[in-house]
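Reader: I have a structure open and I want to learn to read it. Where do we start?

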Amino acid sequence: MTNLTAKDIDVLSHVLTGEEMACKKARVYAHTLTDAALAAEMERIATAHEQRFAALYNMLGGKK
């Protein structure tokens with residue numbers, strides 16, 4: 001992996017925050033929805049955000 005600049009780290013940090021919030025919101029929706037199919041889709045979306053968060057976090061070397 002190449003060295004990240006301060007700007008790269010700043011951008012990744014902001015994207016991490018967005019992914020974290022999207023994951024949390026999707027999980028809340030998944031637990032709130034009464035339609036089982038929609039709830040399952042929200043859980044799938046939350047998992048996708050969680051995976052992107054983990055990948056971005058690893059790009060930062062596990063340091064936020």
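Author: Start with what a helix is here: a DSSP run of at least four residues, numbered from the N terminus. Keep in mind that this is a predicted model. Helix H2 covers residues 36–59. Phe 53 and Tyr 57 both lie in H2.

Reader: How many residues apart are Phe 53 and Tyr 57?

Author: They are four residues apart, about one turn of the helix.

Reader: How many aromatic pairs does the structure hold?

Author: One. Planes under 30 degrees apart count as stacked. The rings of Phe 53 and Tyr 57 have planes at 10° and centres 5.9 Å apart, so this pair is stacked.

Reader: Now the helices. How do I describe two that pack?

Author: Two packed helices are described by the distance between their axes and the angle between those axes. Take helix H1, residues 6–32, and H2: their axes come within 8 Å and cross at roughly 160°. Angles over 145 degrees count as roughly antiparallel. That is why H1 is roughly antiparallel to H2.

Reader: What is the hand of the crossing where H1 passes H2?

Author: The crossing is left-handed. Look next at the residues of the H1 contact with H2: 16 are nonpolar, three are polar and six are charged.

Reader: Let me try one residue. Is His 49 buried or exposed?

Author: His 49 sits in helix H2. Its relative accessibility is 16%, so His 49 counts as buried.

Reader: Which residues is His 49 in contact with, leaving aside neighbours within four places in sequence?

Author: Glu 19, Ala 22 and Cys 23. Ala 22 belongs to helix H1. With a relative accessible area of 25%, Ala 22 is partly exposed.

Reader: How do I compare distance along the chain with distance in space?

Author: Count residues, then check the C-alpha atoms. Ala 22 and Ile 45 are 23 residues apart in sequence, and their C-alpha atoms are 8.7 Å apart. Now try Ala 55, which lies in helix H2. Ala 55 and Ala 22 are 33 residues apart along the chain, with 15 Å between their C-alpha atoms.

Reader: And what is the relative accessibility of Ala 55?

Author: It is 42%, so Ala 55 counts as partly exposed.

Conventions:
Residues numbered from 1 in each chain as written. Predicted model: local features only at pLDDT ≥ 70, side-chain atom pairs only at ≥ 80, totals over all residues. Heavy atoms only, no water. Phe/Tyr/Trp six-rings, centres within 6.5 Å; stacked < 30°, edge-to-face > 60°. Helix = DSSP H or I, 4+ residues; strand = E, 2+ residues; numbered from the N terminus. Axes fitted to C-alpha atoms, helices over the stretch in contact; angles between N-to-C directions. Parallel < 35°, antiparallel > 145°, perpendicular 65-115°, else oblique. Left-handed = near helix turned anticlockwise from the far one by under 90°. Nonpolar A, V, L, I, M, F, W, Y, C, P; charged D, E, K, R; others polar. Buried < 20%, exposed > 50% of the residue type's maximum accessible area, 1.4 Å probe, protein only. Contact = heavy atoms within 4.5 Å.
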